Amino acid sequence: MGLDITVLAVDWERLERTPFEERYALLEDAVLREDDEFDWGAEPERGWVWPAASGVPWCGRYEFHSTTGSYKPHFWAGQAWEDVREHAGPEQRAHVDAFLRGLIWDDGTDTEDDTVSGLFPADPDPWRRRLLLACPPATVAALAGHWARAEPLLEGLREPYGVHAACPGRWIEDFDEFSVLLREWGVVVTEAGRRGWGLIGLPL
């Protein structure tokens, strides 16, 4: 069974005002809703869900159109960027680097923000996974700025991507799947940035 991710936009001030020991559980409530909150006959949710759950009105949940909740497409999009980035133009590389580094691409640098490291109490359970994403509002605003510059340049990656990163059978097979997922992340950071909110990615 693979790792899943749920991405939440969070009113950071409300989160910080929540008692320290209750924060993680509240965000879990926004992800793992009670059965009586589900409409089992409805179409699967896609895009933003406001609020994420009735008990957490200061939190929105983004349901990706291009994934089934699995973290694997996000991981492989990061790997695909690793494959193609040296063949991108300098401006493309700079802005896509900065955009994906904050979200799904691990370039080996430690980018954890001090405001994030003290956000939740240490969990004594060694089996609980860490957060997959934690971006305070200032980081989200920077990501939205990089996306605004990267998005017009994205189509220019189609040809080098086809040569250096396309991989039939992989979760992100081709440029179209890569660009669709990046554009969804663009929707995520743009809306969270517009609200002045932060982003949290919870593992399931």
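This is a predicted model: local features need pLDDT of at least 70, side-chain atom pairs count only at pLDDT 80 or more; totals for chains, interfaces and linings use all residues.
Residues are numbered from 1 along each chain as its sequence is written, and side-chain values use heavy atoms, with hydrogens and water left out.

Q: How many aromatic pairs does the structure hold?
A: Rings of Phe, Tyr and Trp (its six-membered ring) pair if their centres lie within 6.5 Å. By that rule, the number of aromatic pairs is 10.

Q: Are the rings of phenylalanine 64 and tryptophan 185 stacked, edge-to-face or tilted, and why?
A: Planes under 30 degrees apart count as stacked, over 60 as edge-to-face and the rest as tilted. These two rings have centres 5.1 Å apart and planes at 55 degrees, so the pair is tilted.

Q: Is phenylalanine 64 buried or exposed?
A: Buried means under 20% relative accessible area, exposed over 50%, and partly exposed in between (1.4 Å probe, protein chains only). Tryptophan 185 is buried, and phenylalanine 64 is also buried.

Q: Which helix holds both phenylalanine 175 and phenylalanine 178?
A: These two form a tilted aromatic pair, 6.4 Å centre to centre with 45 degrees between the planes. Both are buried. They lie three residues apart, about one turn of the helix, in H8.

Q: Which ring has the charged end of arginine 195 at 3.7 Å from its centre?
A: A charge sits over a ring if NZ of Lys or CZ of Arg is within 6 Å of the ring centre and within 35 degrees of the ring normal. Arginine 195 lies over the face of tryptophan 197, at 5.1 Å from the ring centre. At 3.7 Å, the charged end of arginine 195 sits over the ring of tryptophan 50.

Q: Which peptide bond is cis, with omega near -15 degrees?
A: Look at the loop between strand S2 (47-49) and S3, where proline 51 has its place. The cis bond runs from tryptophan 50 to proline 51.

Q: Which strands stand at the edges of the sheet?
A: Two strands pair if DSSP finds at least two bridges between them. The open sheet has five strands in the order S2-S3-S1-S5-S4, with antiparallel pairing. Each edge strand has a single partner, so one side of each is left without a neighbour in the sheet; they are S2 and strand S4 (133-135).

Q: Which residue in S3 is the bridge partner of valine 49?
A: S2 and S3 pair in the antiparallel sense over three bridges. Glycine 47 stands opposite glutamate 63 in S3. For valine 49, the partner is arginine 61.

Q: How many residues of S3 are buried?
A: S3 also pairs with strand S1 (residues 5-10), over four bridges in the antiparallel sense. S3 is largely enclosed by the rest of the structure, because its buried residues number four of the five.

Technical notes: Helices (H or I, at least four residues) and strands (E, at least two) are DSSP runs, numbered from the N terminus.
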